[in-house]
Amino acid sequence: MKIPSLLNLEIEQQTVIDLPFHGSHVITGAPGAGKTVMAVYRAWALATAGRDVALFTRSNLLHQYLAQMTPDLTEALHVTTYHRWIRALWRRRFQTDPPQTDEGGWSYDWIEMQRDCILQKVRSTAHLVVDEGQNLPVSFYQLCRVLGVGVTVFADENQRIGDDQSTVSEIRRELAVQADPLVLRENHRNSREIAMLASEFRKGAWDEAPLPARVGRTPTLLKVPSLDNLLTGVSRYFNAYPERSIGIICRSTHLLRDIQSKLTHLELAKHTQAYVHDDPYRDTVDFSTRPIRIVSTASMKGLEFDSVFVPDLDAYTEDPTSVDARLRFFVLCTRAREDLHFAHRGPQEPAILSSIPESLLVRHTG
């Protein structure tokens with residue numbers, strides 16, 4: 001992720017900085033429009049004004065990235081995830097964990113929580129800045145209103161994956177936001193070619209968003225005889241472009257670990273890191289070193305890389321016309337800034353890409 005200086009923000013981005021410090025606000029944006037960057041700047045502006053601010057990131061991996069890459073902006077902030085914030089609030093106010101509806105501890109009894117807060121007159125002076133706000137349940141925003149906290153939400157409802165999530169209209173309703181959302185339209189991340197391919201997987205609110213001016217290479221679909229063959233190509237790519245960050249995005253953690261092992265045998269261990277949630281050997285990433293990073297599709301949202309390799313296209317066997325499948329590929333595509341490479345080993349081209357025209361996707365046989 002490229003973090004522009006305050007002086008280099010676009011006019012539409014500067015509008016976010018200028019929002020009032022009181023009340024709740026909603027900002028929407030096209031992929032690559034800088035929602036995460038502006039969430040950091042919004043939280044920083046509030047903290048500079050003396051507000052008690054918590055910045056919610058979607059995942060622990062993104063949390064690590066922001067803390068490492070924007071220390072001047074985040075050192076005055078409390079960067080956390082929404083689960084951690086809720087649990088900390090409950091332990092501080094009630095000396096117990098929040099009431100839950102599942103044994104895993106990821107689903108809360110929101111009705112009981114609201115009742116407890118009302119009966120105990122629990123209020124908060126915090127202002128929450130929520131990145132990827134569409135991923136949080138509607139009940140969370142209802143609780144925010146009960147607590148009286150101000151919330152700035154950055155959301156794109158066209159990137160919702162799952163039913164227990166919120167639309168922009170639902171977020172506005174629960175937070176009593178009367179103003180229309182601010183809209184960030186410019187794609188500052190992807191090349192024009194990558195943005196054009198990504199648009200094939202999602203038709204919706206951003207169809208009329210301007211294409212990026214920056215041009216690059218057409219994404220490629222590689223038919224390879226083996227995973228070893230593909231990773232040898234990744235090794236050659238790294239040697240040719242050592243200054244570029246490379247993301248290898250896998251469907252399964254089993255493949256992720258296998259790729260990390262094989263890259264070690266290719267003498268790339270010192271350049272490679274892998275991330276797996278709750279794996280004590282792979283749960284921390286140093287973003288200042290090792291430009292090859294292997295992550296799963298579960299951790300990819302919010303991240304970006306100069307070059308992206310998707311090594312396991314054969315694993316995407318679900319209905320290629322389904323909303324979830326197309327959205328997953330849309331998110332995959334938009335992780336890449338400069339180069340995007342899909343690979344498959346089966347005899348037939350995976351259905352999810354079979355209808356993509358040659359002008360948007362170059363096919364190669366490895």
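A residue counts as buried when its relative accessible area is under 20%, as exposed when it is over 50%, and as partly exposed in between, with a 1.4 Å probe and protein chains only. The structure is a predicted model, in which local features need pLDDT of at least 70 and side-chain atom pairs count only at pLDDT 80 or more, while totals for chains, interfaces and linings use all residues. Residues are numbered from 1 along each chain as its sequence is written, and side-chain values use heavy atoms, with hydrogens and water left out.

Helices (H or I, at least four residues) and strands (E, at least two) are DSSP runs numbered from the N terminus. Two strands are taken as paired if DSSP finds at least two bridges between them. Strands of a sheet pair through backbone hydrogen bonds, either parallel or antiparallel. Here, 6 strands make up an open sheet with parallel pairing, in the order β3-β2-β4-β5-β1-β6. The edges are held by β3 (78–80) and β6 (182–184); each has a single partner strand, so one side of each is left without a neighbour in the sheet. From one strand to the next, the twist averages 15°.

Strand β4 (residues 127–130) has buried side chains in both directions: His 127 and Val 129 point one way, Leu 128 and Val 130 the other way, and all are buried. Strand β2 (residues 53–56) runs parallel to β4 and is joined to it by 4 bridges, with Phe 56 opposite Val 130. Another 4 bridges join β4 to β5, again in parallel, and Val 129 stands opposite Thr 152 of β5.

Helix α8 (residues 168–175) lies across β1 and β5, at about 175° to β5. For such angles, axes are lines fitted to C-alpha atoms, for helices over the stretch in contact, and the angles run from 0 to 180 degrees between N-to-C directions. Contact means heavy atoms within 4.5 Å.

Aromatic side chains were examined next. Rings of Phe, Tyr and Trp (its six-membered ring) pair if their centres lie within 6.5 Å; planes under 30 degrees apart count as stacked, over 60 as edge-to-face and the rest as tilted. By this rule there are 15 aromatic pairs. Tyr 108 and Trp 110 have ring centres 5.4 Å apart and planes at 80°, so this pair is edge-to-face; both residues are buried. The pair of Tyr 237 and Tyr 241 is tilted, at 4.9 Å centre to centre and 45° between the planes. Tyr 237 is buried at 10% relative accessibility, whereas Tyr 241 is partly exposed at 22%. Ring pairs also link Phe 56, Tyr 82, Trp 85, Tyr 108, Trp 110, Phe 140 and Tyr 141 into a cluster.

A charge sits over a ring if NZ of Lys or CZ of Arg is within 6 Å of the ring centre and within 35 degrees of the ring normal. Arg 244 lies over the face of Tyr 241, at 4.5 Å from the ring centre. Arg 87 lies over the face of Trp 106, at 4.8 Å.

Leu 73 belongs to helix α4 (residues 71–74) and is buried, with a relative accessible area of 13%. Beyond its neighbours within four places in sequence, Leu 73 is in contact with Ile 3, Val 40, Tyr 41 and Trp 44. Helix α12 (residues 323–333) is mostly covered, with 8 of its 11 residues buried, including Leu 327, Arg 328 and Phe 329. The elements covering the buried residues of α12 include α9 (192–199), β8 (246–250), β11 (305–310), β12 (336–344) and α13 (351–354).

Most residues other than glycine have a negative phi, and most peptide bonds are trans. Lys 121 has a positive phi near 55°; this residue lies in the loop between α6 (110–119) and β4 and is exposed at 71% relative accessibility. Glu 267 also has a positive phi, of about 65°. Glu 267 is placed in the loop between α11 (253–265) and β9 (272–274), and is exposed, with a relative accessible area of 70%.
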